[in-house]
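Welcome, and please have your viewer ready. This tour tells you what to select at each stop and what is there.

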Amino acid sequence: MKSSISISFYKTFLSVIFLMASATFYAQEANLPKAKTGDFWEHVRFGGGFGLAVGNDYTDATIAPSAIYNFNEHFAFGTGLQFSRLKKKHYYSSDLYGGSLIGLYNPIEEIQFSLELEEVNVHNQYTDLGGNFKESFWNTGLFLGAGYQEGNVTIGARVNVLYDKDKNVYGSAFMPFVRAYF
């Protein structure tokens, strides 16, 4: 029953994301009048990340949409969502969802520093430990990152300064990333 609820949730979430993306593309093509409040939307960029790894009885899928507001060519601030599903057949499964706040600083066009606060809800289930063990908890991450930016894409690495190896969320405090905003 929980599996069908989870599948239904993922299908609904993906449908909403695709509808939002198609509405965004349509809105960018239309000649809509500018709001009287100024040029707010001209400074907003949408993006984020996604990942998919599939192997022998192994699946790891993540979708993380986000939006940032560029205050100027050096500073940006935004928010994001994250949904992840990790499963190793007959051993382990993990569902993770939550949100984040991100600040970006570009001292020069090619270099980007980031500070990201992430709050995620984690549901782990172990099935190969002589029984069926489940755990659920909230995890907070504070990531300091740096990367090289070329156009709309940044490639770099970040470190979770609040990393706790006993929380079973990430395998390491250090994580590479690819970030894109359009």
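This is a predicted model: local features need pLDDT of at least 70, side-chain atom pairs count only at pLDDT 80 or more; totals for chains, interfaces and linings use all residues.

To see the patch itself, select F71, F75, F77, L101, Y105, F113 and L117 and show their surface, which comes to about 680 Å².

Stay there for a moment and pick out L117, which sits in strand β5. Is L117 buried or exposed, or something in between? Its relative accessibility is 41%, so L117 counts as partly exposed, since that class lies between under 20% for buried and over 50% for exposed.

How many cavities of 30 Å³ or more does a search of the whole structure find? There are two.

For the largest cavity, select N139, T140, N160, L162, Y163, D164, K167, N168, V169 and Y170, the residues that line it. The space inside the largest cavity is about 60 Å³.

Your last stop is the second largest cavity, with about 30 Å³ of space. Select R45, L104, Q112, Q149, G151, N152, V153, T154 and Y181 to display its lining. With the class colouring still on, the lining of the second largest cavity shows five polar residues, three nonpolar ones and one charged one.

Terms used
Residues are numbered from 1 along each chain as its sequence is written. Side-chain values use heavy atoms; hydrogens and water are left out. On a 1 Å grid over the protein atoms alone, a cavity is a set of points where a 1.4 Å probe fits but cannot get out, and a pocket is an open set with protein on both sides within 12 Å along at least five of seven lines; lining residues have an atom within 4 Å of a point. Grid points are joined across faces, edges and corners, and a volume is the space filled by probe spheres set on the points. Ala, Val, Leu, Ile, Met, Phe, Trp, Tyr, Cys and Pro count as nonpolar, Asp, Glu, Lys and Arg as charged, and the others, Gly among them, as polar. Patches are made of residues with over 30% relative accessible area and no salt bridge: like charges are joined within 9 Å, nonpolar side chains (Val, Leu, Ile, Met, Phe, Trp, Tyr) within 5 Å. Accessible areas come from the Shrake-Rupley method with a 1.4 Å probe; for residues, only the protein chains shown count as cover. A salt bridge is a side-chain nitrogen of Lys or Arg within 4 Å of a carboxyl oxygen of Asp or Glu. Helices (H or I, at least four residues) and strands (E, at least two) are DSSP runs, numbered from the N terminus. Buried means under 20% relative accessible area, exposed over 50%, partly exposed in between (1.4 Å probe, protein chains only).
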